[in-house]
Amino acid sequence: MRRRDREMPKEFACHVADSCLFSVVSMVTPEGKPYAVPLSVVRDGDALYFHCAAEGQKTDCLRANPEVCVSCVGDVRCPNDRFTTLYESAVAKGIAREVTETEEKIHALRLICERFSPDNMPQFDGAIAYSLPVTAIWQIDVKEWTGKAKQ
């Protein structure tokens with residue numbers, strides 16, 4: 001990190017990941033091209049989970065090369081009295097793997113739904129019964145967290 005004065009501890013980076021509205025997951029296509037996509041992720045310790053369709057470009061990329069970089073941006077403000085941007089961010093680097101065990105898939109989906117649709121949790125079991133067979137879950141085992149802020 002070039003600006004060490006803006007570096008924040010791992011706990012800060014985890015807080016940003018926990019509170020941002022979406023994250024951008026960057027990966028490499030099987031052809032070696034860059035690919036990034038915004039996703040709704042949830043953290044469970046040093047693991048990040050997201051759901052997606054069972055087939056598609058994201059899945060093709062992750063199966064070919066599971067190394068990923070996840071960018072999270074938290075509170076962003078542009079003060080009217082200065083030419084600057086105040087922000088908080090986190091970057092997580094790790095290895096993605098497809099979750100295939102039913103219990104872990106349900107655990108991950110529960111975490112995602114509790115984070116993004118907490119008021120709809122009474123419908124969770126019905127939604128799982130309907131969509132679990134066609135929903136892919138990926139877990140990113142985070143090996144490195146970086147936090148940064150300008151406040």
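Author: The largest pocket is lined by His51, Leu109, Cys113, Ser117, Asn120, Met121, Gln123, Phe124, Ala127, Ile128, Ser131 and Thr135. A pocket here is an open set of points on a 1 Å grid over the protein atoms alone, where a 1.4 Å probe fits, with protein on both sides within 12 Å along at least five of seven lines; lining residues have an atom within 4 Å of a point. Two elements, α3 (102-116) and α4 (124-131), each give two or more residues to this lining, and α4 brings the largest share, four residues. (Helices are DSSP runs of H or I with at least four residues, strands runs of E with at least two, numbered from the N terminus.) By type, the lining has six nonpolar, six polar and no charged residues.

This is a predicted model, in which local features need pLDDT of at least 70, side-chain atom pairs count only at pLDDT 80 or more, and totals for chains, interfaces and linings use all residues. Residues are numbered from 1 along each chain as its sequence is written, and side-chain values use heavy atoms, leaving out hydrogens and water.

Seven bridges pair β5 with strand β8 (residues 135-150) in the antiparallel sense; strands pair if DSSP finds at least two bridges between them. Thr135 of β8, named above in the lining, is the bridge partner of Ala53. β5 also runs antiparallel to β4 (residues 42-44), joined by three bridges.

How values were computed: Nonpolar A, V, L, I, M, F, W, Y, C, P; charged D, E, K, R; others polar.
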